[in-house]
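Try each task before you read its solution.

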2 protein chains.
Amino acid sequence: MQTLTIGQLAKQAHVNIETIRYYERRGLMTEPPRRDSGYREYPLEAVDRIRFIRRAQELGFSLKEIAELFSLRVNPETTSADIKRRAEAKVADINARISDLERMKAALMKLAAACRGRGPTSECPILESLASEGRST
Amino acid sequence: MQTLTIGQLAKQAHVNIETIRYYERRGLMTEPPRRDSGYREYPLEAVDRIRFIRRAQELGFSLKEIAELFSLRVNPETTSADIKRRAEAKVADINARISDLERMKAALMKLAAACRGRGPTSECPILESLASEGRST
DNA sequence: ATGCGCCCTGCACCTAGGTCCGGAGTCAAG
DNA sequence: CTTGACTCCGGACCTAGGTGCAGGGCGCAT
């Protein structure tokens, strides 16, 4: 089975080596097996894991939240009902994000459309697009 | 016309007073008029603006990107074509975010669904959901 | 068997985004 | 006209998420 050194992994996932070690400390990467020399030996899937982390961050999830997402799948012994509840909570959060993004998008499209007309470009609806009452993630 | 002091604004927008001053320094809040005493006097809409900033942050936009969003609406004198182009670029970015969120959501729902069965809860599809090739926001 | 590049650990340092503090001035209720 | 709450400003400090050394140990091509 093909494996990667930390340097190769870093290259393939487009992150700094130190970042990988940092994720390991934070519990986002499970500690990989080591060679006798102490070198870490990563399976190929580690690349996906890092890419997932990075994209989830860009989507506004903190490292702590991402760790929570992962924790949904380890522990095959956690009660199914519990996992289900947590997964559904995440889904609700994601739905809220999506709909806010949809509203921002609609506002931006309206703005872009207004640009091909003469109307004053001011008076834009961007602000109103997210003016919902405090809901905290 | 009704106005707010910085403290009232902070309370209504659920942020720290210092955060408001910080946003002003960063150019996210336009400098409000001052009383003779030097006190800032905010219009009610300032609340919406702050809420917009906060939610956009939760959605993964940096303060710099948020400032860019705002810059699309000031300057009624920027060429319409330019604004249009920039707005459309933002829309494309938002579309990418939405589709990634949709994929995460699908993965989570699949996971939740698997939980009402006996099958091993491990082997979940979360990782694969965002394992797309490097696209950087 | 040696040199060059990669890996190890621990710790110092960096940026973004805030948050707190102190000393001084302001406002309004009593 | 005083007192407690609020505001001003400048600057120090804090957390999250990394990033960069230094000093030492591998690994392999020559």
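**Exercise 1: the tyrosine pairs**

B:Tyr22 is partly exposed, with a relative accessible area of 34%. Keep in mind that this is a predicted model.

Task: work out how the rings of B:Tyr22 and B:Tyr23 are arranged, stacked, edge-to-face or tilted.

Solution. 
- Step 1: start with the distance. The ring centres of B:Tyr22 and B:Tyr23 are 6.3 Å apart, and rings pair if their centres lie within 6.5 Å.
- Step 2: now the angle. The planes of B:Tyr22 and B:Tyr23 stand at 45°, while stacked needs under 30 degrees and edge-to-face over 60. The pair is therefore tilted.
- Step 3: check the surroundings. B:Tyr23 has a relative accessible area of 2%, so this residue is buried, because buried means under 20%.

Task: how many aromatic pairs are there over all chains?

Solution. 
- Step 1: the count over all chains comes to four aromatic pairs.
- Step 2: one of them is A:Tyr22 with A:Tyr23, where the centres are 6.3 Å apart and the planes make 45°, so this pair is tilted.
- Step 3: for accessibility, A:Tyr22 comes out partly exposed at 34%, whereas A:Tyr23 is buried at 2%.

**Exercise 2: charges over rings**

Task: find which ring lies under the charged end of A:Arg49, and which under that of A:Arg97.

Solution. 
- Step 1: for A:Arg49, look at A:Phe70; the charged end sits over that ring, 3.9 Å from its centre.
- Step 2: for A:Arg97, go to A:Phe61, whose ring centre is 4.0 Å from the charged end sitting over it.

**Exercise 3: the surface around DNA strand D**

Task: describe what surrounds DNA strand D, and say which helix supplies the largest share of that surface.

Solution. 
- Step 1: count the neighbours. DNA strand D is surrounded by 22 residues, and A:Thr19, A:Tyr39, A:Arg54, A:Gln57 and B:Arg21 are the closest.
- Step 2: sort by class. That gives seven nonpolar, eight polar and seven charged residues.
- Step 3: assign helices. Helix 2 (17-25) and helix 3 (46-58) of chain A, plus helix 1 (6-13) and helix 2 (17-25) of chain B, each give at least two residues. Helix 2 of chain A takes the largest share, with four residues.

Task: how far from a phosphate oxygen of DNA strand D is the side chain of B:Arg21, going by its N or O atom?

Solution. 
- Step 1: for B:Arg21, the distance is 2.4 Å.
- Step 2: A polar side-chain atom of A:Asn16 is 3.0 Å from a phosphate oxygen of DNA strand D, and for A:Ser37 a side-chain N or O atom lies 3.3 Å from one.

Note on methods
Residues are numbered from 1 along each chain as its sequence is written. Chains are lettered from A and ligands numbered from 1 in the order in which they are written. This is a predicted model: local features need pLDDT of at least 70, side-chain atom pairs count only at pLDDT 80 or more; totals for chains, interfaces and linings use all residues. Side-chain values use heavy atoms; hydrogens and water are left out. Rings of Phe, Tyr and Trp (its six-membered ring) pair if their centres lie within 6.5 Å; planes under 30 degrees apart count as stacked, over 60 as edge-to-face and the rest as tilted. Buried means under 20% relative accessible area, exposed over 50%, partly exposed in between (1.4 Å probe, protein chains only). A charge sits over a ring if NZ of Lys or CZ of Arg is within 6 Å of the ring centre and within 35 degrees of the ring normal. A residue is near a molecule or strand if one of its heavy atoms lies within 4 Å of it. A polar contact is a pair of N or O atoms within 3.5 Å; within protein, one must be able to donate a hydrogen and the other to accept it, and residues adjacent in sequence count only if both atoms are side-chain atoms. Ala, Val, Leu, Ile, Met, Phe, Trp, Tyr, Cys and Pro count as nonpolar, Asp, Glu, Lys and Arg as charged, and the others, Gly among them, as polar.
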